Amino acid sequence: MRIGIIGAMDEEITLYKEGMDLARKTRKIGITYYEGQWEGKEVVLCKCGVGKVNASVCTQILIDTFQVGAVIFTGVAGALHPDLEIGDIVVGTDCQHHDMDVTALGFPRGVIPFTDMSVFHADERLVHAAVQASEQVAEGKTMTGRILSGDQFIASRDTVRELYETMGGMCTEMEGAAVAQVCAMNEVPFVVIRSMSDKADGSAHVNFPEFTKLASQRSYEIVKSMLAHL
Ligand code: ADE
């Protein structure tokens, strides 16, 4: 089975690109797909770009054109759970769009009207493998739970509290729920693994590049160990 590996930014996929045995490089609708072998598995690596539309297009192409049988999303996120520190890991057991907001018509926040698909559940086997790998190789804490996505870089303590308290999110980012929704619609197993680059409280600009590098390195080591055991 081929495994799709997606990151949103260059920093999030650089180490994979260096580590894999590249067989072919294909460009499609502005995204480059790197096919090859890594840790004994057939993989297709790509950088989808920031945001949910980029992530959706990329995931559908991975499924249709590159026929991946599973998708791993790896990268950084803003922490929502108060116990999470920078560098800690969240393995998403499910994902939801925090910016899907039809509350004006009486739908709870995050609920997509007229469908029973609003919370997208990750594959249990992939979650288990990711948690095991994370506990083995990552230096910080590993937590599991909901990942909330939206086309917004969250930078306010009030929003952090709201997303944590009303939607139960462990961390927030800008792609996971889109990847998760496309995978769910196609019945393809997925997992989202995020390392905390900031606390989503408005201080990210101070050291975002530095922490993103550290967090990306941690995510990479987890996926590497995870693939070796899949
Ligand atoms: N990715 C990393 N930090 C984030 C934040 N604070 N909000 C949204 N996406 C992020």
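Colleague: In which loop does Glu187 lie?
Modeller: This is a predicted model. In it, Glu187 comes after α5. Glu187 lies in the loop between α5 and β10 (190-198).

Colleague: Is Glu187 buried or exposed?
Modeller: Count the other C-beta atoms within 10 Å of its own; a residue with 12 or fewer is exposed. Glu187 has 7. Therefore Glu187 is exposed.

Colleague: What is the phi of Glu187?
Modeller: Most residues other than glycine have a negative phi. Glu187 is a residue other than glycine, yet its phi is positive. The value is near 55°.

Colleague: How exposed is Glu39?
Modeller: Glu39 has 17 other C-beta atoms within 10 Å. Buried needs 20 or more, and exposed needs 12 or fewer. The count for Glu39 falls in between, so this residue is partly exposed.

Colleague: Back to α5. Why is α5 described as largely enclosed by the rest of the structure?
Modeller: Look at burial along the helix. The buried residues include Gly176, Ala177, Val182 and Cys183. α5 is largely enclosed because its buried residues number eight of eleven.

Colleague: At what angle does α5 pack with α2?
Modeller: Two packed helices are described by the angle between their axes and the distance between the axes. For helix α2 (residues 52-64) and helix α5 (residues 176-186), the axes are 8 Å apart. α2 passes α5 in a right-handed crossing. The angle is about 35°.

Colleague: Which residues of α5 make the contact with α2?
Modeller: From α2 come Lys52, Ala55, Ser56, Thr59, Gln60 and Ile63. By class, the contact has six nonpolar, four polar and one charged residues. On the α5 side, the residues are Ala178, Val179, Val182, Cys183 and Asn186.

Colleague: Take Val191. Leaving aside neighbours within four places in sequence, which residues is it in contact with?
Modeller: Val191 is one of the residues with the most contacts inside the core. Once those sequence neighbours are set aside, its contacts are Ile72, Val91, Gly92, Ala122, Asp123, Leu126, Val127 and Ala130.

Colleague: Val119 is in the loop between β6 (89-97) and β7 (120-121). Is Val119 buried or exposed?
Modeller: The cut-off for buried is 20 or more other C-beta atoms within 10 Å. Val119 has 20. Beyond its neighbours within four places in sequence, Val119 is in contact with Asp94 and Gln96. By the count of 20, Val119 is buried.

Colleague: How far apart in space are Glu165 and Lys28?
Modeller: Glu165 is found in helix α4 (residues 157-167). Glu165 is exposed, with 10 other C-beta atoms within 10 Å. In sequence, Glu165 and Lys28 are 137 residues apart. In space, C-alpha to C-alpha, the distance is 40 Å.

Colleague: What is the mean pLDDT of the protein chain?
Modeller: The share of residues that reach 70 or more is 100%. For the complex, the predictor gives an ipTM of 0.99 and a pTM of 0.95. The mean pLDDT of the chain is 94.

Note on methods: Residues numbered from 1 in each chain as written. Predicted model: local features only at pLDDT ≥ 70, side-chain atom pairs only at ≥ 80, totals over all residues. Axes fitted to C-alpha atoms, helices over the stretch in contact; angles between N-to-C directions. Helix = DSSP H or I, 4+ residues; strand = E, 2+ residues; numbered from the N terminus. Left-handed = near helix turned anticlockwise from the far one by under 90°. Contact = placed C-beta atoms within 7 Å. Nonpolar A, V, L, I, M, F, W, Y, C, P; charged D, E, K, R; others polar. Core = buried A, V, L, I, M, F, W, Y, C linked by C-beta atoms within 7 Å. pLDDT = per-residue confidence, 0-100.
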